[in-house]
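Please walk me through this structure.

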Amino acid sequence: MNRGGSSPSAAANYLLCTNCRKVLRKDKRIRVSQPLTRGPSAFIPEKEVVQANTVDERTNFLVEEYSTSGRLDNITQVMSLHTQYLESFLRSQFYMLRMDGPLPLPYRHYIAIMAAARHQCSYLINMHVDEFLKTGGIAEWLNGLEYVPQRLKNLNEINKLLAHRPWLITKEHIQKLVKTGENNWSLPELVHAVVLLAHYHALASFVFGSGINPERDPEISNGFRLISVNNFCVCDLANDNNIENASLTGSNFGIVDSLSELEALMERMKRLQEEREDEEASQEEMTTRFEKEKKESLFVVSGDTFHSFPHSDFEDDMIVTSDVSRYIEDPGFGYEDFARRGEEHLPTFRAQDYTWENHGFSLVNRLYSDIGHLLDEKFRMVYNLTYNTMATHEDVDTTTLRRALFNYVHCMFGIRYDDYDYGEVNQLLERSLKVYIKTVTCYPERTTKRMYDSYWRQFKHSEKVHVNLLLMEARMQAELLYALRAITRHLT
Amino acid sequence: MEKMSRVTTALGGSALTGRTMHCHLDAPANAISVCRDAAQVVVAGRSIFKIYAIEEEQFVEKLNLRVGRKPSLNLSCADVVWHQMDENLLATAATNGVVVTWNLGRPSRNKQDQLFTEHKRTVNKVCFHPTEAHVLLSGSQDGFMKCFDLRRKDSVSTFSGQSESVRDVQFSIRDYFTFASTFENGNVQLWDIRRPDRCERMFTAHNGPVFCCDWHPEDRGWLATGGRDKMVKVWDMTTPRAKEMHCVQTIASVARVKWRPECRHHLATCSMMVDHNIYVWDVRRPFVPAAMFEEHRDVTTGIAWRHPHDPCFLLSGSKDSTLCQHLFRDASQPVERANPEGLCYGLFGDVAFAAKDSLVAAESGRKPYAGDRRHPIFFKRKLDPAEPFSGLASSALSVFETEPGGGSMSWFVDTAERYALAGRPLAELCDHNAKVARELGRNQVAQTWTMLRIIYCSPGLVSSASLNHSVGKGSSCGLPLINSFNLKDMTPGLGSETRLDRSKGDTRSDTVLLDSSATLITNEDNEETEGSDVPADYLLGDVEGEEDELYPLDPEHVHPEEPEYVLPQEAFPLRHEILDTPSGPEHLQDKADSPHVSGSEADAASLAPVDSFSLLSISHALYDSRLPSDFFSVLVCDMLRFYAEQGDVQMAVSVLIVLGERVRKDIDEQTQEHWYTSYIDLLQRFCLWNVSNEVVKLSTSRAVSCLNQASTTLHVNCSHCKRPMSSRGWVCDRCHRCASMCAVCHHVVKGLFVWCQGCSHGGHLQHIMKWLEGSSHCPAGCGHLCEYS
């Protein structure tokens, strides 16, 4: 972990991980045992979350008001570290699941299942399987995509693209779905579905990014529903060195090191905020910086040596060991770097040409009334949320940092802001954080506790959850922008 | 733009000529601006920056300002503005936050003059001072507005909106120092250019971003704003509090707004999304646009009046890569297409009717409403010569009063309540209705019913009808029964209409589930009645089919005449199934109902009682004169039309329902629909909800039976935790308790729940009724004296 003595052991652990996988591949019956960690998250010590919770009446009220399951689930518990945000999150989620909308209730949950299945997020799947049945869904559908009406099945293509390569969505996809015929979707229905898909893809990112534990609920132990795919390798979880241990066991040098890292980061932020961008940064320079960032995001994960085994292998693993694949088709389809695609002249999405505020909102709100306002509030909330603190420091303006996180996510989806200097990303986001961001947004199912721990070691857990919220919303907005742009093009 | 009211141009106010025309650009436009000579227009966009000359017949490209091998982001324009004092001076706002000025007088190919890189985010808007040559204002996404003096290298002053982003900035035309800015959070601020520390005034104008604003060219202090909330508002800023004077509701978010020159109350708008047209509104008539330009195929991004004193020429640029000149005389006027008549009932049966002057004048001689005492009152609007469509706007209002007492409609109510429309053999229905009519003293109607009975119920006819019927169907007399329970028997022809069940929303998947079970039940039922092989392949189809194939059905399986009534039939019994399956007694009753639904004997033939009836009729066949079955139908149809013309639509609809299939095909769908809707409307006016519902249910017109499928959701809250119960009506998702227990039997009530409004105890309808027959106290033992009426 620290640069001190523990890094060899870390490496060993990673090796063990691959070993585990090999073992798993050999004997598919081996089930990773449930982690013994308590509390809502495998990454965050229980007391951090619980402490915050007991204080908070507000959260309970919100859960009362907006939770569909009527209880405080783990996601909510972790999010309740940021109550302000939690409210807009729950409100929009409740609206899309329960309030007036073009889709019938069981459909909504089934779509949520389909979306979560793209990332093998068993947590969300279990949750919605339950809700699906509760709202009167047909149990047979849960046997897989072959059992659902063709209409829902048709949604599969757009689900796949939206989850992994949203830039490939074209108006032809939309046309195919809304073309009059036996199984066509009306535009409001489609928009509802797209909002649900984007929401649950993004939420899967959050679930993995924050290491949300499965609900320990005796009620669901209805065998056939419970899909248990464990996303964290045993050895990874067993190695329970959270921040405290790490800093205790590590040498003093480590602490000093990460402290100075923090100072340096703050220094850089301050500099960026005060000093005007040198005029010399020419047009080409800016473009290059964006391209560079895009390219670099290419290497971020593949550069992570521990995942250097071939993708196909890895994916096979995931598929074989999971029952969730029955909700998806073409499970091998995954994120492919936008930069790599870029070489085939896929145009960069210019953020200014299709913004959420101007265009996305109007379209969404027109076709699925009021959701626009809720999403708008949520995006605004997450973008502007700040406590003006960084780790132990107070009164810090974190605007640049938040913007860097948001734009970096969009950058990986090929969305470029003309007015952003992508050099800032490089200055503000350290490599381990980039690894984490990339994993959480693009391959959330591969997130490990180690990744979570390895960046920003001095920061509080609540701050890391804040990062996750930013990543989640940025991802959701990116998906929505691509989908809505396609719908707009279809309309014109 | 049209701000230079004091500058006279070389062309003069009236010299402009031209026609409606457009030219293709290479790329989508983001903004346009007109030169003060009204002969040139500049178009700017992400990858276009060109000046076009406006000639008589066409646009001619004059200059391409986008030079250089590598296009720079500085050239990716979000906005462009042409100085109204200096023909050589332009400014653009770039998406990367740079403000660029251009001097057309430069000798080199590159006309770029100055570069201001002070904004950190995209600059949304630039604006020149209307009378000062060197003052430029910009508003940016970063929440700052900056004022530049073009003689200096950097900004003179910076204004902080204390808010997210500035969407528009506009110098006031009348007040030298004032400018307005609009913000993404819905605020509008008024600034004094000399005081950068704080704004003079701020108010919330819109819900959501305010995309644009424009000062009135003549009226001091009038500001028009347009926002994402689809509104255009006109504010009077001269009063201490900004006062909203007018509000126009458009159909999409408003991207640009421009006052029309020389027309005090007119302004032009275009929208950001979805809607591609440009509208010109008279703010005093906010409901219908005065004019509409429909040339563009994608959203319009920039509009500009060609000359500050000419109201006829409008230029526009669009995302569809075209530049257009619109002439006012070529505009389409939605008013012409509007329906200028209005009609309304008063509380006591008075009728008010408003129409165009000309129309009323023409008709008044004819006295179309003879029979009513007539007290026409005419109002005439004063004509406003300034209004272009004042001629259309003048209208007359007539009020017709009903005679006191004469308007009594008790016969209508009585008839509606007492008529029997279905559920019995035709002969009985006719007899019953004749009796009702006679008792109410309507002898002609009574006579008609009697005649109908004679025409249609002379036994021979029935036998021949049922003969035809069985031939058509083979031996599958059980078939209609299946129909009444199954969703799937929709013909391909009905495919599009079958999607109606979407409106059922949540219940839909339930339906599918029930569907299969219903099939099984029917199968068992049929076993004994026929035992033949016909339904077998019918059912086979279901078993093989996938979920979605439950809907279509091979045409061969359907009796050629069936499609007409298949749909309503499917819809209603099924819904009852959903509601009532669990509760025994209701279920029985429901079953008894189902044959009525079709209202036609063809279906009823499958059920036992009616079977015996048809047997009976066969035995009477000897007396038959053997007339073809449709011998009288022409006559009957004429009769129905007669009644409808007379205003007795009740009779027309009742006969239509009672006779069902026999006459339906001879009257066109639209007329039927019209009758139905009129009758239902009447019934609802008399609060005869039950009757109107029955009529809707029995109607065979698709549009009518749809009425009962709209807003069918009933929201229920849990009595313990007060939360809405989403999935089922009787068990709460949250507290996992059964909400509605019957006070008598202590079981869960899943169907009709009746409760006392005094003590709020209740239970099964039958149980409560029974209980209250024997006791007047509440069954829950609370001591309340409940009443049941």
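The paragraphs below go from one chain as a whole to selected details.

This is a predicted model, in which local features need pLDDT of at least 70 and side-chain atom pairs count only at pLDDT 80 or more, while totals for chains, interfaces and linings use all residues. Residues are numbered from 1 along each chain as its sequence is written, chains are lettered from A and ligands numbered from 1 in the order in which they are written, and side-chain values use heavy atoms, with hydrogens and water left out.

Begin with chain A. Its secondary structure comes to 23 helices and 4 strands. Helices here are DSSP runs of H or I with at least four residues, strands are runs of E with at least two, and both are numbered from the N terminus. Of the 492 residues in chain A, 61% are buried. Buried means under 20% relative accessible area, exposed means over 50%, and partly exposed lies in between, with a 1.4 Å probe and protein chains only. Among contacts in chain A with a separation of 6 or more, 80% join residues 24 or more positions apart. A contact means heavy atoms within 4.5 Å.

Next comes helix packing. Two packed helices are described by the angle between their axes and the distance between the axes. Axes are lines fitted to C-alpha atoms, for helices over the stretch in contact, and angles run from 0 to 180 degrees between N-to-C directions. Take helix α18 (residues 371-384) and helix α23 (residues 461-491), both of chain A. Their axes come within 10 Å and cross at roughly 140°. α18(A) and α23(A) are therefore oblique to each other. Angles under 35 degrees count as roughly parallel, over 145 as roughly antiparallel, 65 to 115 as roughly perpendicular, and the rest as oblique. α18(A) passes α23(A) in a left-handed crossing. That term applies if the near helix is turned anticlockwise from the far one by less than a right angle; clockwise makes it right-handed.

Which residues of α18(A) meet α23(A)? They are A:L375, A:K378, A:F379 and A:V382. On the α23(A) side, the partners include A:H466, A:L469, A:E473 and A:L480. The residues of this contact between α18(A) and α23(A) divide into 7 nonpolar, 2 polar and 2 charged. Ala, Val, Leu, Ile, Met, Phe, Trp, Tyr, Cys and Pro count as nonpolar, Asp, Glu, Lys and Arg as charged, and the others, Gly among them, as polar.

Helix α17 (residues 356-367) of chain A also packs against α23(A): the axes come within 10 Å and cross at roughly 70°. α17(A) and α23(A) are therefore roughly perpendicular to each other. The crossing of α17(A) past α23(A) is left-handed. α17(A) contributes A:W356, A:G360, A:L363, A:V364 and A:L367. From α23(A) come residues including A:Q477, A:L480, A:L484 and A:L491. The contact of α17(A) with α23(A) holds 9 nonpolar residues, 3 polar and no charged.

Now the charged pairs. A salt bridge is a side-chain nitrogen of Lys or Arg within 4 Å of a carboxyl oxygen of Asp or Glu. By this rule there are 38 salt bridges over all chains. One of them joins A:R350 to A:D418, with the closest N and O atoms 2.9 Å apart. A:R350 lies in strand β1 (residues 349-350) and A:D418 in the loop between β4 (415-416) and α20 (423-428), all in chain A, so the pair ties together parts that are 68 residues apart in sequence. A:R350 is partly exposed at 24% relative accessible area, whereas A:D418 is buried at 1%.

In chain B, the side chains of B:D431 and B:R453 form a salt bridge (3.3 Å, N to O). B:D431 sits in helix α5 (residues 426-439) and B:R453 in helix α6 (residues 443-457) of chain B, so this pair links parts that are 22 residues apart in sequence. B:D431 is partly exposed at 37% relative accessibility, and B:R453 is partly exposed at 31%. Salt bridges that share partners join A:R350, A:D353, A:D418 and B:R46 into one network.

Helix α17 (residues 649-659) of chain B is mostly covered, with 11 of its 11 residues buried. B:G660 follows α17(B), and its phi is positive, near 60°. Elsewhere, B:V188 is found in strand β16 (residues 187-192) of chain B. Is B:V188 buried or exposed? B:V188 is buried, with a relative accessible area of 0%. Beyond its neighbours within four places in sequence, B:V188 is in contact with residues including B:S181, B:F203, B:V210 and B:L223.
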